[in-house]
Structures are given as C-alpha cells and as structure tokens.
Amino acid sequence: TVNPMILIGANGRVFNVRPSEIPGGKGDGVPVSSLAETQGTAIVGMLSGAPDTAVLLGTSGGNALRTRLEGLTTRLRAGKQFVSIDEGESVLSPSVIPVDAKEVAALSAEGRLLVFALDDVKELAGGGKGVMAIKLHEGEKMLGIVPVAGALNIAAYGRGDKRTTIAVNAGSLEHYRGTRARSGRVLQAFHKRVEGFE
C-alpha cells in the first residue's frame with residue numbers, strides 16, 4: 001500500500017508509519033516503538049486504506065466517535081492526540097465502518113448489549129471525546145463498540161470458566177435495540193463474564 005499505516009494508541013494518540021519502514025519477509029519484525037515515538041502506550045489497532053475510509057472509535061469510558069482515515073494522518077513521529085479520554089480510561093480497538101452499516105453495537109463489562117443507529121455517533125474530523133454510546137454503572141467499562149453488519153459474536157466465559165462464543169444473529173438484534181446512551185440489555189445466553197467482540 002502507498003497509504004500510511006495508522007497506529008491507534010490506548011492513550012488516544014495516533015501514529016503514522018510509512019509501509020516502506022516495515023521490514024518485509026519472515027521474522028519477528030521490529031518493535032512499533034522503533035518506528036514511532038509511542039512513549040510506552042499500548043497499540044490497540046492498526047489501519048490502512050483510502051483517505052475517505054470511515055472508522056469507528058470508542059473508549060472504555062463508554063464514548064464513541066466516527067472519523068475518516070485522513071483525519072488520523074500526521075507527519076509527527078510523536079503522533080497527535082486524537083481521542084480525548086479521562087484518567088483511567090483507554091481507547092478500544094478501532095473498526096472500519098462498512099458502507100452498508102446503519103447501526104453500531106456497544107458491549108459493557110457486565111454483559112449488556114446496546115444496538116443503536118450509526119448516525120447517532122458524531123463524525124469528528126479533528127478528534128475529540130465523542131458522544132456517550134452506552135450508559136455504564138459506576139466502575140464499569142465498555143469492552144467494545146463495532147459496526148453491525150449481520151450477526152455479532154461475543155467472547156465469553158461460562159460454567160467452569162470455559163470459553164464460549166455468544167452468537168447474536170440478525171433476528172435477535174431487535175431485543176437489544178435502543179437509543180444511544182441507554183443501558184442496553186443483558187445478553188440472554190448464560191455467561192459468567194464477557195471479554196469483548198470477536
């Protein structure tokens with residue numbers, strides 16, 4: 001690709017790496033910190049594509065925003081702050097928004113799922129805090145937010161801490177539909193805890 005590789009940091013900063021800087025062939029590659037001044041922040045996602053590619057971003061604090069890849073480009077090795085987060089929060093794994101997506105799904109750590117209109121998430125070219133996607137209980141975190149394109153698969157743990165996948169098919173989505181910033185509904189399948197979208 002001739003487009004820059006965009007790295008999303010857990011602290012809300014975005015970093016750009018030229019594809020030519022990434023070693024080719026087999027091997028372990030190189031640490032991201034040698035390609036950009038990440039200052040120790042974890043990288044939660046890596047994207048590349050046409051400048052007008054739509055992207056969905058969320059935070060563990062329950063907020064969400066949309067942007068396009070062109071808004072995430074920077075020439076600075078130290079990156080630029082794009083997502084505003086409060087202390088103790090982190091940015092979640094980003095998603096490319098399919099052209100036909102009309103809804104998004106937000107998942108809370110207590111296993112509550114909320115599906116609402118994609119248009120309710122503001123598009124911010126210059127970044128920011130975004131809007132509240134799901135109402136969280138005190139001390140709770142949002143585990144993920146993804147565009148809805150058919151069924152949703154959620155990683156969870158059930159009896160005996162056995163890992164399982166909760167599938168929410170297109171026909172079941174209606175049960176979880178609501179308006180943005182509501183609490184959502186607890187996933188119907190039995191689980192001890194949820195891990196996030198697969």
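Buried means under 20% relative accessible area, exposed means over 50%, and partly exposed covers the range in between. All views below show a predicted model.

**View 1. Two residues other than glycine, A181 and Q39, have positive phi.** A181 has a phi near 75°. Its place is the loop between β13 (163-168) and β14 (185-186). The relative accessibility of A181 is 23%, so this residue counts as partly exposed. Q39 has a phi near 55°. This residue sits in the loop that runs between β2 (13-17) and β3 (43-47). Q39 is exposed, because its relative accessible area of 64% lies over the 50% cut-off.

**View 2. Strand β2 is largely enclosed by the rest of the structure.** Five of its five residues are buried. Both faces of β2 are covered. R13, F15 and V17 are buried on one side. V14 and N16 are buried on the other.

**View 3. Strand β2 pairs with β1 and with β6.** β1 (residues 5-9) runs antiparallel to β2, and four bridges join the two. β1 and β2 form a hairpin, with three residues between the strands. G12 lies in the turn and has a positive phi of about 95°. β6 (residues 80-81) also runs antiparallel to β2, joined by two bridges. Here R13 has Q81 of β6 as its bridge partner. Strands of a sheet pair through backbone hydrogen bonds, either parallel or antiparallel.

**View 4. Four strands form an open antiparallel sheet.** Their order is β7-β4-β5-β10. β7 (95-96) and β10 (131-132) stand at the edges. Each has a single partner strand, so one side of each edge strand is left without a neighbour in the sheet. β5 (residues 63-68) pairs with β10 over two antiparallel bridges. V131 in β10 is the bridge partner of A64.

**View 5. R68 and E123 form a salt bridge between distant parts of the chain.** Their closest N and O atoms are 3.2 Å apart. The pair links strand β5, which holds R68, to the loop between β9 (112-117) and β10, which holds E123. The two residues are 55 residues apart. R68 is partly exposed, with a relative accessible area of 30%. E123 is partly exposed too, at 38%.

**View 6. R112 and E140 form a salt bridge.** The closest N and O atoms of this pair are 2.4 Å apart. R112 belongs to strand β9, and E140 to the loop between β10 and β11 (142-148). The pair links distant parts of the chain, 28 residues apart. R112 has a relative accessibility of 5%, so this arginine counts as buried. E140 is buried as well, with a relative accessible area of 9%.

**View 7. R163 and E195 meet through their side chains in a salt bridge.** The N to O distance is 3.6 Å. R163 lies in strand β13 and E195 in strand β15 (residues 193-197), so the contact ties together parts that are 32 residues apart in sequence. R163 has a relative accessibility of 43% and counts as partly exposed. E195 is partly exposed, with a relative accessible area of 43%. Elsewhere, shared partners join the salt bridges of R66, R68 and E123 into one network. The model has 13 salt bridges in total.

**View 8. R193 lies over the face of Y157.** The distance to the ring centre is 4.2 Å. Aromatic pairs are absent from the model: the count comes to zero.

**View 9. The largest pocket holds about 300 Å³ of space.** It is lined by 20 residues. Closest to its centre are S93, G144, I145, V146 and F197. β11, β12 (152-157) and β15 each give two or more residues to the lining. β11 gives the most, with six residues. Rolling a probe the size of a water molecule over the atoms shows where empty space is left.

Terms used. Residues numbered from 1 in each chain as written. Predicted model: local features only at pLDDT ≥ 70, side-chain atom pairs only at ≥ 80, totals over all residues. Heavy atoms only, no water. Buried < 20%, exposed > 50% of the residue type's maximum accessible area, 1.4 Å probe, protein only. Phe/Tyr/Trp six-rings, centres within 6.5 Å; stacked < 30°, edge-to-face > 60°. Lys NZ or Arg CZ within 6 Å of the ring centre and 35° of its normal. Pairing = 2+ DSSP bridges. Salt bridge = Lys/Arg side-chain N within 4 Å of Asp/Glu carboxyl O. 1 Å grid on protein atoms, 1.4 Å probe; cavity = no way out; pocket = protein on both sides within 12 Å on 5 of 7 lines; lining within 4 Å. Points joined across faces, edges and corners; volume = space filled by probe spheres on them.
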